[in-house]
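This briefing is meant for a reader who is meeting the structure for the first time. Please look over the sequence and the model, and then follow the topics below.

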Amino acid sequence: MSGLFTLGLVEMADAVADGSVTALALTEVALKRLETLGPRYNAIMALDGGTALEAARGVDRARAAGQPLGPLAGVPLAHKDLFYRAGRVCTGGSIIRKDFVPDVTATALERFDRAGALDLGTLHLAEFALSPTGFNAHYGHGLSPWNTAYGAGGSSSGSGASVAARLVPAALGSDTGGSIRHPSAMSGVVGLKPTHGLVPAFGAMPMAPSLDTLGPLTRTVRDAARIMSVIAGPDPRDAASLPAPRLDFEGGLTGDLKGRTIAVPGGYYREATTPEIQALMDAAVAVLKEAGARIVETGTPDMALVNALMQVMMTVEAATLHRRWLSERPQDYGAQVRARILPGFGLPATRYAEALMLRAGITREWLAAAMGDADMALIPTLGIPVPTIAETTQGTPEEIGAALGRVTACTRGINYLGLPSLSVPCGFTANAMPAAFQLVGRPYAEPALLQAGDAYQRRTDFHARLPPGCGPVD
Amino acid sequence: MSETDFAGRIKADNAIALAAAEAAALERLVGDLNARVAEGALARLTLDAAPWSFSTFCAETAETVK
């Protein structure tokens with residue numbers, strides 16, 4: 001049974017369905033690893049083993065009785081601690097909410113429950129989901145399983161570390177400026193930031209609702225596709241989700257990219273990329289070409305404007321949501337988080353309205369310049385090697401801000417554009433830390449992105465590599 | 001607007017007190033963001049721009065997805 005932790009999400013679901021393993025066995029292994037390895041990476045907020053074990057026994061009884069099982073029946077999961085479950089504490093990574101008990105359950109968690117997945121507890125995140133590296137002044141920094149001198153990436157730091165270390169096969173994250181893609185890239189796992197609104201945000205602690213998205217972190221693209229099949233789709237409690245079409249996320253995973261065109265934008269993205277990362281991007285493009293994709297080189301529009309628009313939208317919305325606590329409890333905010341919210345208080349209302357009104361036009365500009373007639377664009381997730389924790393926490397506020405800006409250079413603009421983006425691990429840099437590319441598509445192009453990411457993983461093994469010290473637990 | 005005015009406005013409007021050094025750095029950042037977005041909007045925004053055009057854009061795109 002000691003090898004069960006190596007199974008992916010779909011493999012676990014299939015094994016439970018065919019009776020070759022019990023949900024109870026999977027849950028016991030996951031709980032043991034969460035309890036043993038989780039603290040090493042500061043990945044855990046709170047576990048609820050008793051409830052999960054009872055739920056696992058329920059799945060096994062249902063199977064034994066011949067009852068139909070959901071597509072994730074018996075699969076043990078844990079999620080970023082910003083998804084509300086009625087009656088359970090949800091901290092949002094803040095000491096202000098250390099005792100907050102919501103009275104609603106997030107739509108995404110409800111859909112996991114209906115699919116038969118098991119919820120083992122909550123995972124670490126940056127304070128109020130506001131750090132790209134996993135920094136949290138109150139609960140400590142989320143640490144990378146590859147090397148604990150480095151952050152796991154944030155803000156979904158516990159999700160990235162837990163999936164990379166094989167504590168759970170998948171975890172939910174949220175992404176407002178890169179918070180799924182940073183931990184995916186920095187921890188060496190897959191992360192999908194969906195089209196804004198495709199996965200309903202009801203019951204997830206908001207940061208900047210116009211930009212917030214929810215999505216999976218997994219080891220394989222195949223597993224991310226299965227999760228999207230479960231959690232995507234309209235919900236009347238989130239108006240942004242209402243136009244979402246019904247998509248087939250799993251049907252296109254053939255490994256063949258003939259007929260697909262992938263754009264490789266130059267300009268801004270090339271300038272934000274170090275030679276070492278660029279070599280990994282070039283190698284990834286070669287693999288996708290080998291899979292049948294046509295590759296075209298494109299340009300990039302004014303990303304300084306896109307990034308500024310994103311920052312206006314994010315800081316004004318976050319400032320609006322945090323004004324009371326920043327006024328009444330300023331000591332309960334870490335300095336880095338406070339600095340990221342404060343600009344929203346100084347901007348005129350006209351700048352925010354302009355950010356709203358320009359959004360569709362700017363998105364069309366980006367799609368025309370960066371993609372042209374291609375199906376998707378390939379850019380780095382991080383244009384730089386993963387920085388150490390010291391490099392993003394020490395120095396003047398301006399120096400720290402600049403270091404964090406380099407981490408988010410290729411991610412934050414995509415949230416303003418509202419586009420889907422799939423981050424896929426594609427190698428390691430000289431510091432032995434993971435690197436990743438992201439595939440960005442038009443709204444609701446997730447099936448095409450998953451098809452390309454899956455084709456890449458069928459030809460590479462970066463996603464199968466185990467961080468040091470993450471083998472079997474006695 | 002002087003540094004004191006900037007911090008004073010935030011204090012008056014939002015009841016949030018800024019340290020002097022914090023206010024100076026924040027004013028520079030806000031000034032940069034303000035100028036860049038204002039310039040971009042002047043070059044692009046028209047009277048007929050739909051305020052909620054992004055939602056419309058997503059809805060239109062959704063209709064084309066099979």
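Predicted model: local features only at pLDDT ≥ 70, side-chain atom pairs only at ≥ 80, totals over all residues.

Which residue in β8(A) does Ala171(A) stand opposite? Ala171(A) faces Leu217(A) there.

**Strand β11 of chain A**

- Five of the five residues of β11(A), which covers residues 376-380, are buried, so the strand is largely enclosed by the rest of the structure.
- Met376(A), Leu378(A) and Pro380(A) point one way from β11(A), whereas Ala377(A) and Ile379(A) point the other way, and all of them are buried.
- Strand β9 of chain A, residues 261-265, runs parallel to β11(A) and is joined to it by two bridges, with Met376(A) as the bridge partner of Ile262(A).
- Strand β13 of chain A, residues 434-441, runs antiparallel to β11(A) and is joined to it by five bridges; here Gly441(A) is the bridge partner of Met376(A).

**The sheet of three strands in chain A**

- This open sheet has the order β1-β3-β2 in chain A, again with mixed pairing.
- Its edge strands are β1 (44-47) and β2 of chain A, each pairing on one side only, and the twist averages 35° from one strand to the next.
- β2(A) and β3(A) run parallel and are joined by four bridges, and Leu118(A) in β3(A) is the bridge partner of Pro76(A).
- α2(A) lies across β1, β2 and β3 of chain A and runs at about 10° to β3(A).
- α3(A) packs on the sheet as well, touching β1, β2 and β3 of chain A, and its direction makes about 160° with that of β3(A).

**Helix α3 of chain A**

- α3(A) comprises residues 49-64, which makes 16 residues, and it reaches 22 Å from its first C-alpha to its last, close to the 22 Å expected at 1.5 Å a residue.
- Ala52(A), Ala55(A), Ala56(A), Val59(A), Asp60(A) and Arg63(A) are the buried residues of this helix; seen down the axis of α3(A), these buried residues fall within an arc of 145°, so they line one face of the helix.
- An α-helix has 3.6 residues a turn, so residues three or four places apart point the same way.
- On the other side of α3(A), the exposed residues are Gly50(A), Glu54(A), Arg61(A) and Ala64(A).
- The cover over the buried residues of α3(A) includes α1 (9-18), α2 (23-37), β2 (76-80) and β3 (118-123) of chain A.
- Just after α3(A), Gly66(A) takes a positive phi of about 80°.

- Chain B contains three helices and zero strands, arranged along the sequence in the pattern α-α-α, and 21% of its 66 residues count as buried.
- Between the two chains, 35 residues of chain A are in contact with 30 residues of chain B.
- On the side of chain A that touches chain B, α10 (303-328), α12 (343-346), α13 (349-371) and α15 (397-407) of chain A each supply at least two residues, and α13(A) gives the most, with ten residues.
- The residues of that side of chain A divide into 22 nonpolar, seven polar and six charged.

Key: Residues numbered from 1 in each chain as written. Chains lettered and ligands numbered in written order. Expected span 1.5 Å × (residues − 1). Buried ≥ 20, exposed ≤ 12 C-beta atoms within 10 Å, placed from the backbone. Arc of directions from axis to C-beta. Contact = placed C-beta atoms within 7 Å. Pairing = 2+ DSSP bridges. Axes fitted to C-alpha atoms, helices over the stretch in contact; angles between N-to-C directions. Nonpolar A, V, L, I, M, F, W, Y, C, P; charged D, E, K, R; others polar.
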